[in-house]
Amino acid sequence: MANKVVVIGEMRDGEFRNVSFEAIAAAKQIAPDGEIVGALLGSGVKDRADQLFHYGASRVVVVDHDKLKNYTPEGYTQAAMALVDQEEPDAVIMGHTSLGRDLSAKLAARMEAGLVSDAVGIEMDGEDPVFTRPIYSGKAFEKVKSKDGVVFATIRPNNIPAQEADTSKSGSVETVDVAIADLQTIIKDVVKNTATGVDLSEASVIVAGGRGLKSEENFKMLDELADLLGGAVGASRGACDAEYCDYALQIGQTGKVVTPDLYIAVGLSGAIQHVAGMSNSKVIVALNKDPEAEIFQMADYGIVGDLFDTLPKLIEEFKKV
Ligand code: FAD
């Protein structure tokens, strides 16, 4: 059984990404009686860090540095290495986000440690955590155990439920002073391009469109449905290649991996590379005019029909709710 697990939390626009709290729940599975150290790297983040206590961290440590205002591999790697060196944990967990994917790989390589990425479940084999992760574009799952030493792991958002927040839990946030060398990369500006403002990776509802939408203008119909459902818009690569939307929306093998409660696929065929990014969605609804479209093989609910007829009707119905 692990004695100490460090969870590296992640913030966006001053708010924790939910996967940070899910990572604490994962850490608790690995070290139910051990110490869960919630860690936060950033600039001006110290005041927000105590939220990690609410979700089960037993200690909270922060590296607060102006060179960590935006994520850069070099700055964050230096800060996280110092933190891990200080804490000497048995495991380090973070979200399987763009940041977590990048940082975990760098840390594991630098520390010559094991890395398990994109875990969707954890069970214990005696003292050792065994991680379940999808392989072959989600067609199979493997169980992975790391050899001795610290193990780094990223967990896929929306798979390991976070515990309920308990705001009565608090503690003092510790600060780790780290000297960060001058960065080679300076982020001057961050431009956001999600239409609904809901983060695609963590959205509980996703409305995804494909080449069947036929134009950038038509693609905007998805924004309205996503808005009504409090969800985010995603896309197939076909839609991105056709310039109906930005590549930031692409879901699939070479795009984002998502696990929403509801995935509505509109005018996309369900190619294996797309399915790799969404097959673990809890409920899948497909709208396609071709009854033979592959997406119907995995859909829980299917609508065979012309999207230009059906989508406006769906939008009207949801407006009534
Ligand atoms: P299409 O396959 O052209 O499907 C359009 C669908 O719309 C059809 O099923 C059609 O019946 C339906 N349709 C058309 N008109 C209407 C209408 N009026 N009403 C209702 N339905 C309609 N793809 C990804 O999505 N993500 C990836 O990450 C990805 N990575 C890839 C990596 C590699 C190495 C390769 C080779 C390919 C990758 N692809 C990826 C591309 C993938 O193979 C498909 O080409 C792509 O997903 C197809 O996009 P689509 O479903 O929008 O288009």
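This is a predicted model: local features need pLDDT of at least 70, side-chain atom pairs count only at pLDDT 80 or more; totals for chains, interfaces and linings use all residues.
Residues are numbered from 1 along each chain as its sequence is written, and side-chain values use heavy atoms, with hydrogens and water left out. Local features need pLDDT of at least 70 and side-chain atom pairs count only at pLDDT 80 or more, while totals for chains, interfaces and linings use all residues.

**Stop one: α3 and α4**

Select residues 73-87 for helix α3 and 98-110 for helix α4. (Helices here are DSSP runs of H or I with at least four residues, numbered from the N terminus.) Their axes, lines fitted to C-alpha atoms over the stretch in contact, come within 10 Å and cross at roughly 55°. That makes α3 oblique to α4; oblique is what remains once angles under 35 degrees (roughly parallel), over 145 (roughly antiparallel) and 65 to 115 (roughly perpendicular) are taken out.

Now show the side chains. Tyr 76 and Met 81 are among the α3 residues that meet α4, where Leu 103 and Arg 110 are among the partners. Contact means heavy atoms within 4.5 Å.

**Stop two: α6 and α10**

Next, pick residues 221-228 (α6) and 307-320 (α10), whose axes come within 10 Å and cross at roughly 30°. That makes α6 roughly parallel to α10. Zoom in on the contact: the α6 side includes Met 221 and Leu 225, and the α10 side includes Phe 308 and Ile 315.

**Stop three: the ligand**

Gln 250 has a polar side-chain atom 2.8 Å from a ligand oxygen. Finish at Asp 306, where a side-chain N or O atom is 3.1 Å from a ligand nitrogen.

Definitions and conventions:
Axes are lines fitted to C-alpha atoms, for helices over the stretch in contact, and angles run from 0 to 180 degrees between N-to-C directions. Helices (H or I, at least four residues) and strands (E, at least two) are DSSP runs, numbered from the N terminus. A polar contact is a pair of N or O atoms within 3.5 Å; within protein, one must be able to donate a hydrogen and the other to accept it, and residues adjacent in sequence count only if both atoms are side-chain atoms.
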